[in-house]
Amino acid sequence: MATVVGFVKRFLEDVSWAVGGIRKILGGRSGFTDEGTGEDLFLPRLAYLQGVRPETLYKDIALSVFHGRGGIEVCELKGIEGELGLRVSAPAGQALPYFGVINIGHVSAFKKHLGESLGLEVREDRFSGSLFGHIDSPDSRINLLIGSKKFIEGWSSWRVSTMGLLNMGKGEGPQVIQLFGRGIRLKGKGWSLKRSTALTPAETIPDGLAEVETLSIFGWNADYIQAFRGMIEEEELGHEVHIPVHRNFDPWPKLFIPQPKSDYNAAAETWSLDLVEGVTVEVDFIPQVAALAGACVGSGQVGRAVEIDFSQTETAGLLDCDALYEDLLAYKSARRYGNVFVPRNALLPILGASTLRMSAHDAGDPEQLQAGAATVLRTYLDRFVAFCEREADSRHLIPKPLPAVHEAIPQYYTIRTTSDELVREIEELLNDTKSLFKSMETATHLPRLFIEWHLFKPILLSPKGKREEDTSVSQPGLREEEAQLLKDLRSFWAAHHAKPEYAKVHVYVLRNLGRVGVGFFRRSGFYPDFLIWLQKRSSQETHLRFVEPHGLHHGGLTGSNLDKIAALQYLAEVSRQPAFRSKKISMDGYVVTNTQLDQIPGAQGKTWAQLRQDYRVLRQGGSYMETILALD
């Protein structure tokens with residue numbers, strides 16, 4: 001336990017060492033490698049952190065896990081037997097919340113050991129209650145629990161997400177199984193006890209949720225970890241197989257992408273919340289109802305809908321503006337918009353310029369009106385920050401070469417399955433790389449595409465049918481609309497590449513890595529699904545097109561997709577900057593959808609031509625590939 005405390009102490013006090021360690025881990029140089037493949041153990045499991053600067057990640061860890069930065073304090077809780085609290089030092093007269101609790105039987109001996117080995121003097125806290133006793137409370141600030149066999153019996157928590165075993169579990173035994181059992185509890189959505197993938201379409205699951213719903217166990221000098229994994233496999237609870245990824249080009253082509261200047265950080269900008277042209281908010285608070293009759297499903301709204309006009313004095317008079325202001329400040333803090341100033345007098349003008357739809361019944365209820373107004377202001381603040389970031393970032397983007405490493409392409413896919421048959425089929429395929437790199441779109445064991453001008457191979461598809469139930473792929477396989485885009489692109493190029501307009505053009509395509517690959521306007525969450533480069537051999541002009549194929553049933557043109565559409569619209573402006581013009585690089589992009597026009601929220605009364613012109617939205621069908629591969 002003193003080893004763990006010593007590590008935390010050094011992490012908090014030796015910033016350069018900690019940041020250096022984070023940089024190594026993110027770069028695949030942690031020093032911990034798979035015995036079989038020699039590949040870094042952490043890299044594939046931390047893909048969602050790629051692209052984050054080590055210094056930024058360190059600050060985030062310090063604030064979110066340890067509640068601050070600085071030296072470490074160890075305090076004995078005098079009223080609680082066997083408990084010591086851990087917190088970051090604060091100025092005299094102040095105290096930061098405890099971030100950790102140590103539970104140990106021999107407190108006096110442990111205190112002496114900390115003093116001798118780490119130079120830590122244990123203070124006394126005579127006022128705090130048990131930290132361990134309230135660790136499962138929703139408002140608990142404790143993020144680290146240090147102890148040993150005390151935790152095997154007699155306690156239960158929904159919060160356990162990661163376990164580290166140090167010099168424990170040298171041999172197989174029921175106590176270690178009990179310990180693991182503390183971390184496999186999952187409430188699930190609506191107390192279903194199921195992971196989100198069992199309840200929700202994959203495309204609507206927030207990024208990073210899979211990591212939250214997964215128990216991670218690390219062992220140092222804890223041999224039982226490997227024995228436990230072997231036991232799981234023997235019980236047919238799952239296998240893990242790696243599919244190597246290969247580059248399709250050697251030498252690697254010189255392809256440029258827009259990236260912020262190395263010395264620029266949008267968070268250093270300061271903005272004052274105000275009405276901005278181009279930042280609009282529409283919130284629908286109208287209750288929806290669905291009815292099922294046989295195979296038919298009907299849907300509609302409850303009650304008569306009205307639009308709330310907050311510019312009217314009688315409507316604004318029903319609001320508690322002080323409460324709205326406090327709510328927005330709390331939301332701003334939670335979203336870490338520390339560089340945004342929120343003037344109180346900006347709230348009513350923003351509400352007056354926004355659209356809130358409610359049922360006529362709810363419109364007369366001050367509580368419902370207050371809740372609707374708070375949602376409008378929160379949504380506007382998000383859109384405002386995203387808008388300001390795009391404005392600022394667009395002035396500081398420059399073309400940088402696409403790296404030929406894990407930041408651009410995955411090192412391998414990880415296949416997790418409960419099927420012994422599938423594991424055997426994949427292992428046979430790995431011994432025959434020629435077959436591995438062929439298109440096998442209907443294969444039951446490993447459906448995949450091959451496109452010779454895609455930057456890496458193979459391109460895996462999402463499992464179908466029975467395999468969908470017992471198999472998962474990470475990096476995720478292509479969804480149906482993504483696979484269709486590549487197949488349409490392949491067919492179009494096969495039919496047109498010899499024509500005069502394309503005869504001297506190179507095409508390169510990259511399926512981007514979500515949240516870790518090529519991204520900019522980061523608060524807008526802009527990590528386009530595909531990047532397509534069209535390079536003219538004679539003039540060396542390059543057109544870079546970002547393509548996002550997905551449904552628009554949810555969010556439509558005015559909801560969650562608005563920032564993505566705005567980011568695509570900004571690309572043409574970025575292209576006009578000297579840094580891009582000097583390298584003859586132009587950029588634009590499209591959202592490609594197979595959603596019917598009348599089913600896209602916000603598209604009522606519009607044509608596909610208008611969606612293309614005003615929203616950069618294309619229908620996935622017909623001649624859309626001519627637009628995707630247009631050279632102008």
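This is a predicted model: local features need pLDDT of at least 70, side-chain atom pairs count only at pLDDT 80 or more; totals for chains, interfaces and linings use all residues.
Residues are numbered from 1 along each chain as its sequence is written, and side-chain values use heavy atoms, with hydrogens and water left out.

**Exercise 1.** Describe how helix α1 packs on helix α2.

*Solution.* 
- Start with the geometry: two packed helices are described by the angle between their axes and the distance between the axes.
- α1 (residues 2–13) and α2 (residues 15–26) have axes 5 Å apart, at an angle of about 100°. Axes are lines fitted to C-alpha atoms, for helices over the stretch in contact, and angles run from 0 to 180 degrees between N-to-C directions. Helices are DSSP runs (H or I, at least four residues) and strands are too (E, at least two), numbered from the N terminus.
- The two helices are therefore roughly perpendicular (65 to 115 degrees; under 35 is roughly parallel, over 145 roughly antiparallel, the rest oblique).
- Now find the contacts (heavy atoms within 4.5 Å): Phe7, Arg10, Phe11, Leu12 and Glu13 of α1 meet Val15, Trp17, Ala18 and Ile22 of α2.
- Sorted by class, these are seven nonpolar, no polar and two charged residues. Nonpolar covers Ala, Val, Leu, Ile, Met, Phe, Trp, Tyr, Cys and Pro; charged covers Asp, Glu, Lys and Arg; the others, Gly among them, are polar.

**Exercise 2.** Work out how α9 and α12 cross.

*Solution.* 
- The axes of α9 (residues 321–334) and α12 (residues 366–394) come within 10 Å and cross at roughly 40°.
- That angle makes α9 oblique to α12.
- On the α9 side, the contact includes Leu324, Leu328 and Tyr331; on the α12 side, Ala374, Leu377 and Leu381 are among the partners.
- By class, the contact has eight nonpolar, one polar and four charged residues.

**Exercise 3.** Which helix gives the most to the lining of the second largest pocket?

*Solution.* 
- Next, list the helices: α12, α17 (562–575) and α19 (608–615) each supply at least two lining residues.
- α17 gives the most, with six residues.
- The lining as a whole has nine nonpolar, four polar and five charged residues.
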